[in-house]
Amino acid sequence: MTIKERIEQLREQLHRYNYAYYIEDKSLVTDLAFDQLLKELQALEQANPQYNDPNSPTQRVGGNITKNFPTVVHAERMYSLDNTYSPQELGDWIKRIEKRLGTPVNDFTCELKFDGASINMTYVNGALEKAVTRGDGTQGDEVTANVKTIKNVPLRLQGDFPERFDIRGEIILPLEGFKQLNEKRLAAGEEPYRNPRNTASGSLKLQDSTETAQRPLECFFYALAGDLPYSTHWEGLTKARSWGFTVPNSMQAVSSIEEMLDYIKKWGYQRDTLPFEIDGVVIKVNSIDVQEQLGFTAKSPRWAISYKYKAEQVSTRLNSVSYQVGRTGAITPVANLEPVLLSGTIVKRASLHNADQIEKLNLRVGDYVYVEKGGEIIPKIMGFDPERRGDLAAAIQYIEHCPDCGSPLERIEGEAQHYCINDANCPTQIIGKIQHFVGRKAMDIEGIGSETVSLLYQQGLIRTIADLYRLTADDLLPLERMAQKSVDNLLAGVAASKKQPFAKVLFGLGIRHVGETVAKRLVKHFGSMEALANASYEALLAVDDVGEKIVESLQAYFANPQQQEMIHALRGFGLTLAAEVKQQVSSQLEGKTIVVSGVFERMSRNELKQLIEDHGGKVGSSISGKTSFVVAGASMGPAKKEKASQLGVPLVSEEDFLNML
Ligand code: AMP
Ligand code: ZN
């Protein structure tokens, strides 16, 4: 046997032992024998670097030093999950999606929500190519060398895996390993780590992968991403398990809310005996088709939800209440607390939301209150301890005037919040609105941050968004901290923002209740600022996701002469106040509704949909009597084929469809 053959034999053998151990739960060799084979392989590889393989089992030992982790954009965004905390909220979620779909849903999966660091891994030809952290969801850090050291992450796959795909998982540090790590740290006189989750994500960012290899991390996989030929989430994950991924057996298929609650209850009991931490359960719609119909909000998939187990609670003293003014004038009461440690962070403040909430909780200054961290980062006050209330505690008097501009507060019928309605003159609101406008999610104006906005306001240079477009170098140069270069940057940033699309402008205006998603919907529906401003109550209400609260807010906004004037000014400065009209390539598919299903060879599903729209067609989300035809790719589900044939909807192959155009 040549050296090369021996190396390959050892690699194959070690991959196989790993698969048996992690997937089939079988030990084919003793640890000692495994280590000996690994050592032999290591020695051979070192002596024969020409046979290097980045996915050799020896990569688990580490040895790579990474100084800077490169930023990598995810092929598909990594979303967060919306949270629920009660059976009621879970039921609401099911109702919401059923309403959206217009049909009942009775095919779901339940999984544990592992509490660690999420990771996206790309496999090409069965080998791990890249592992990237979630980061901000759009892009993360590439930590491949460190991830390769995690023992149950397969470096080579088996079976019928797709040529290229992404898979997502959670990297966790089991409790026992966490404990041992901390014992070592304490013995060495170092600060112990706070919790397994942060330690897991910290471990991925160690510069020396040999060090990561020392930590007993594990990865649990919970989703495939991209266009793959599986019709359900369950099928995809079952496949993934057969290729070598650890897909926990705790995953279960359920068909009703009762079954979901049983699952939640069962794991709620078992949670404390698990060797790792979970912070809840994740429920997902099983059918990929239905998932696609439901889609995403700006933050999370509509087809999945997490159910959180009750958060940790601590008790601390309520020292005082202060009031914050938001950019829309909404007043938020904030509890100032005696600092206390909660789930690993020091908590000093908690939102009290509104006057009703204070009344409901029946709080007094000086009370000992129970604080909890729910799904949000901001802690919540759950109640107070009656035993520890003094006799003289004074009830909390809700303020009647804006803490910033002093004008009387108003409370709109049906809304919980008090508002300062002096929006034209209330400094915090003005500054907040302009900061929102220049912010990253809105106009993303370079060269001007929150502090600059405050400074310009204080200098009397800006009072409205429109004033940004009136700024000149002569205004700015005399200001402190404004060198020629920053001035040039700022002015160039402002000028460039005129090119930002209408949806960003609309979101940037900061109209109460009009978030990113609603702004996009309005733009799609009305196309221009003019049409939107003149839209009737009913027309506005007809838009998806737009309810009465939003409609009223929009109408009040556009009826306000000051805002009209400002929009007029923005138009004069050349901002984009209408949706870009998409260049239509032809009108060949005019009047046709086309459904796309399956996997395609020449282009992605999204490209195909774009193509349909470019030729004037409409993309349908599911096969119905209105469907003109289906572009059918490989592995279109049998249920759909049957439906199409029942309704007499023709199937067209990718090839034929492209020829048609
Ligand atoms: P959150 O960070 O609370 O918005 O929740 C989303 C995160 O939950 C994802 O990014 C995953 O890292 C994590 N997660 C843990 N277990 C699961 C699971 N079974 N399915 C989906 N996400 C999960
Ligand atoms: Zn005010």
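## Aromatic pairs

A search of the whole structure, which is a predicted model, finds 19 aromatic pairs. Phe437 and Tyr469 form one of them, with an edge-to-face arrangement in which the centres are 6.5 Å apart and the planes make an angle of 80°. Phe437 belongs to helix H12 (residues 427–438), while Tyr469 is located in the loop between helix H13 (450–458) and helix H14 (473–476), so the pair ties together parts that are 32 residues apart in sequence. Phe437 is buried, its relative accessible area being 0%. Tyr469 also counts as buried, because its relative accessibility of 9% falls under the 20% limit for that class.

A second pair is formed by Phe629 and Phe657: the ring centres lie 6.1 Å apart and the planes meet at 55°, so this pair is tilted. Phe629 is in strand S21 (residues 629–632) and Phe657 in helix H24 (residues 654–660); the pair thus links distant parts of the chain, 28 residues apart. Both Phe629 and Phe657 are buried.

In general, a pair of aromatic rings is described by the distance of the centres and the angle of the planes. Ring pairs also join several residues into a cluster, made up of Tyr123, Phe165, Phe221, Tyr230, Trp243 and Phe245.

Charged side chains meet aromatic rings as well. The charged end of Arg185 sits over the ring of Tyr193, at 4.1 Å from the ring centre. Arg463 lies over the face of Tyr457, with a distance of 4.1 Å to the centre of the ring.

## The surroundings of ligand 1

Which residues are closest to ligand 1? Ligand 1 is surrounded by 13 residues, and the closest are Ser80, Leu81, Ser118, Arg134 and Glu170. By class, this shell consists of five nonpolar, two polar and six charged residues.

| Residue | Part of the residue | Atom of ligand 1 | Distance |
|---|---|---|---|
| Lys113 | polar side-chain atom | oxygen | 3.2 Å |
| Phe114 | backbone N or O atom | nitrogen | 3.1 Å |
| Arg134 | side-chain N or O atom | oxygen | 2.6 Å |

On its own, ligand 1 has 490 Å² of accessible area, of which the protein covers 87%. Two elements give two or more residues to the shell around ligand 1: strand S3 (108–114) and strand S10 (278–285). Of the elements, S3 gives the most to this shell, with four residues.

## Positive phi angles

Most residues other than glycine have a negative phi. His353 has a phi near 70°, a positive value in a residue other than glycine. His353 is placed in the loop between strand S14 (345–351) and helix H11 (355–361). With a relative accessibility of 35%, His353 counts as partly exposed.

Where does His513 lie? His513 is found in the loop between helix H16 (502–508) and helix H17 (516–526). His513 counts as partly exposed, because its relative accessibility of 28% lies between the limits of 20% for buried and 50% for exposed residues.

Note on methods. Residues are numbered from 1 along each chain as its sequence is written. Chains are lettered from A and ligands numbered from 1 in the order in which they are written. Side-chain values use heavy atoms; hydrogens and water are left out. A residue is near a molecule or strand if one of its heavy atoms lies within 4 Å of it. A polar contact is a pair of N or O atoms within 3.5 Å; within protein, one must be able to donate a hydrogen and the other to accept it, and residues adjacent in sequence count only if both atoms are side-chain atoms. Accessible areas come from the Shrake-Rupley method with a 1.4 Å probe; for residues, only the protein chains shown count as cover. Ala, Val, Leu, Ile, Met, Phe, Trp, Tyr, Cys and Pro count as nonpolar, Asp, Glu, Lys and Arg as charged, and the others, Gly among them, as polar. Buried means under 20% relative accessible area, exposed over 50%, partly exposed in between (1.4 Å probe, protein chains only). Rings of Phe, Tyr and Trp (its six-membered ring) pair if their centres lie within 6.5 Å; planes under 30 degrees apart count as stacked, over 60 as edge-to-face and the rest as tilted. A charge sits over a ring if NZ of Lys or CZ of Arg is within 6 Å of the ring centre and within 35 degrees of the ring normal.
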